[in-house]
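I went from the annotated span to the strands, then to a helix and the nonpolar cores.

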Amino acid sequence: MTFRQSLDQIAPGVAEATELERERQESTLGMIASENHVSQAVLESQGSVLTNKYAEGYPGSRYYGGCQHVDTVEQLTIDYAKELFGADHVNVQPHSGTQANMAVYFAALEPGDKILSLSLSHGGHLSHGHSVNFSGQLYNVRQYEVDPETGYIDYDDLAAMANEFDPDMVVSGSSAYPREFDYARIGEVADKNDADHLADIAHVTGLIAAGVHSSPVEYANFVTGSTHKTIRAGRGGIIMCDEEHADEIDSAVFPGAQGGPLMHNIAGKAAGFSEALTDGFQVHAEQVVANAKTLADVFQRQGLSLVSGGTDKHLLLVDLRESHPDLTGKEAEELLSDVGIIVNKNTVPGETRSPMVTSGIRVGTPALTTRGFEADEMKTVGQLIVEVLDNPESDIVRDRVSTTVDELCEEFPIYE
């Protein structure tokens, strides 16, 4: 009977593609800032029998019977998150960071209300009000930018814009801004304009949990995040808030924005959060940041221009326009992919090319740090990246870099 057959028997094409993806991850250097490698415990949780259970509602108040064990799983996940972040109320059901943001908007705003957020081309995120996203279609959005000279957010300009725009919500958070946000300052701006402050910590959830990055919990009305980037847990989203907003947030998630929670994903979040409570995770998070700073130093010594001149966290944004004016972000991504170094093209402040071409690349350190890379390895990787960008037509350089990448992958396996 098919019920007891393995994946390669039922869907051999899927089994083959899954194995090839495992091999790809093992044999390449993953440097996409939003990606990581989860532990065996998280993988076990994600592939568990919890995927069979519907559990609409919340622990102790479900619409289905037989939820006693998934109640335990979800409550543990909530408890771990409260301990990690010091939040009063936590909802771990959002399927993604974007759906977490959606729930906050639904809870706190009405269609047509005003949102002030960071521009996508300056490091923001689609769900913060871009016109192609629901957030930009339902709400009246104005976006602040980074200073074109420094690459930093100009908080005086942000405050002036807020005073003129009179937003209902101010959003802090980004997908490609390499510096920490001044959450306290943005909270003050929001308070002055009688607006809510939503802090989206999708990229830095793990760094905040480990105490190596500032936390917005005491300065924001709502905190959202992803649970699979720097925190290395099951893929999904999270919302944190004060108790006064608990009911409206829970109702906005279910039944407002989604139906049954993905209990296997929530178990994966629990596994990752539990790992993040260990002393070893703090050491890991410190290394993530140290590796990014090491990489920044190599790049700058070799003449690459970095937005804001460096980084405070796990990612770098390389602006190619000065050092490699004829090289697009898309071309750089492809050149590096050909030698087994996986980054992504990215817009940069003042971008003149399309988002599918771009003038920059975003480079992250979480996945390599999980593999065990430290300063020496990061120096090597940084030099390899520069060599490829400096010699885009050289087969000799390409072959030499590919060989070194292979050696690093063999020395630092993920799951083998």
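The entries below follow the order in which I looked things up.

**Entry 1: the model and its annotation**

I am working from a predicted model. I checked the record before the coordinates. An unreviewed UniProt entry annotates residues 9-385 as "domain: Serine hydroxymethyltransferase-like". I then looked up the make-up of that span and found 44% helix and 15% strand.

I asked how many residues of S10 are buried. The count is 5 of the 5, so S10 is largely enclosed by the rest of the structure. I sorted the residues by face: Gly237, Ile239 and Cys241 lie on one side, Ile238 and Met240 on the other, and both sides are covered.

Next I looked for the strands paired with S10. S4 (89-91) pairs with S10 over 3 bridges in the antiparallel sense. S9 (222-226) is also antiparallel to S10, and 5 bridges join these two. Met240 in S10 has Val90 opposite it, and Val223 also stands opposite Met240. I noted one further pair, in which Phe222 has Cys241 of S10 as its bridge partner.

**Entry 2: strand S9**

I moved on to S9, where 5 of the 5 residues are buried. Phe222, Thr224 and Ser226 take one face, Val223 and Gly225 the other, and both faces are covered. I looked up how S8 (residues 196-200) runs against S9: the two are parallel and joined by 3 bridges. In that pairing Leu198 stands opposite Phe222.

**Entry 3: the sheet with S15**

I traced an open sheet of 4 strands, in the order S11-S12-S15-S14, with antiparallel pairing. Which strands stand at the edges? They are S11 (305-306) and S14, each with a single partner strand, so one side of each has no neighbour in the sheet.

I then took S15 (residues 360-364), where 5 of the 5 residues are buried, so the strand is largely enclosed by the rest of the structure. Gly360, Arg362 and Gly364 are buried on one side, and Ile361 and Val363 are buried on the other. I wrote down Arg362 as one of the buried residues of S15.

S12 (residues 315-319) runs antiparallel to S15 and is joined to it by 5 bridges, with Leu315 bridged to Gly364. S14 (residues 344-346) pairs with S15 over 3 bridges, also antiparallel. Here I found Lys345 opposite Ile361 and Asn346 opposite Gly360.

**Entry 4: helix H10**

I looked up the length of H10, residues 246-257. Its 12 residues reach 15 Å from the first C-alpha to the last, close to the 16 Å expected at 1.5 Å a residue. The buried residues in H10 are Ala246, Ile249, Asp250, Ala252, Val253 and Phe254. Why do they fall on the same side of H10? They cover an arc of only 155 degrees around the axis, which puts them on one side. As background, an α-helix has 3.6 residues a turn, so residues three or four places apart point the same way.

I checked the face of H10 turned away from the buried side, and it carries the exposed residues Asp247 and Pro255. What covers the buried residues includes strands S2 (57-58), S4, S9 and S10 and helix H5 (97-108).

**Entry 5: the nonpolar cores**

I looked up the largest nonpolar core, which has 54 residues. Phe85, Tyr144, Phe181 and Ile231 touch the most other members of it. Elements giving two or more residues to this core include H4 (68-85), S5 (114-118), H7 (155-165), H8 (183-192) and S10. H11 (263-276) and H12 (279-301) are also among them.

Apart from this core lies another, of 34 residues, including Phe299, Leu316, Val386 and Leu389.

I went back to Tyr144 and listed its contacts, leaving aside neighbours within four places in sequence. Among them are Leu116, Leu118, Ile153, Leu158, Met161, Val171, Phe181 and Ile186. The serines Ser117, Ser119 and Ser172 are also in contact with Tyr144.

Notes
Residues are numbered from 1 along each chain as its sequence is written. This is a predicted model: local features need pLDDT of at least 70, side-chain atom pairs count only at pLDDT 80 or more; totals for chains, interfaces and linings use all residues. Side-chain values use heavy atoms; hydrogens and water are left out. The expected span of a helix is 1.5 Å times one less than its number of residues. Buried means under 20% relative accessible area, exposed over 50%, partly exposed in between (1.4 Å probe, protein chains only). The arc is that of the directions from the helix axis to the C-beta atoms. Contact means heavy atoms within 4.5 Å. UniProt positions are given in the numbering used here, feature names are shortened, and annotations may be inferred rather than shown by experiment. A nonpolar core is a set of buried Ala, Val, Leu, Ile, Met, Phe, Trp, Tyr and Cys residues joined through side-chain atoms within 4.5 Å. Two strands pair if DSSP finds at least two bridges between them.
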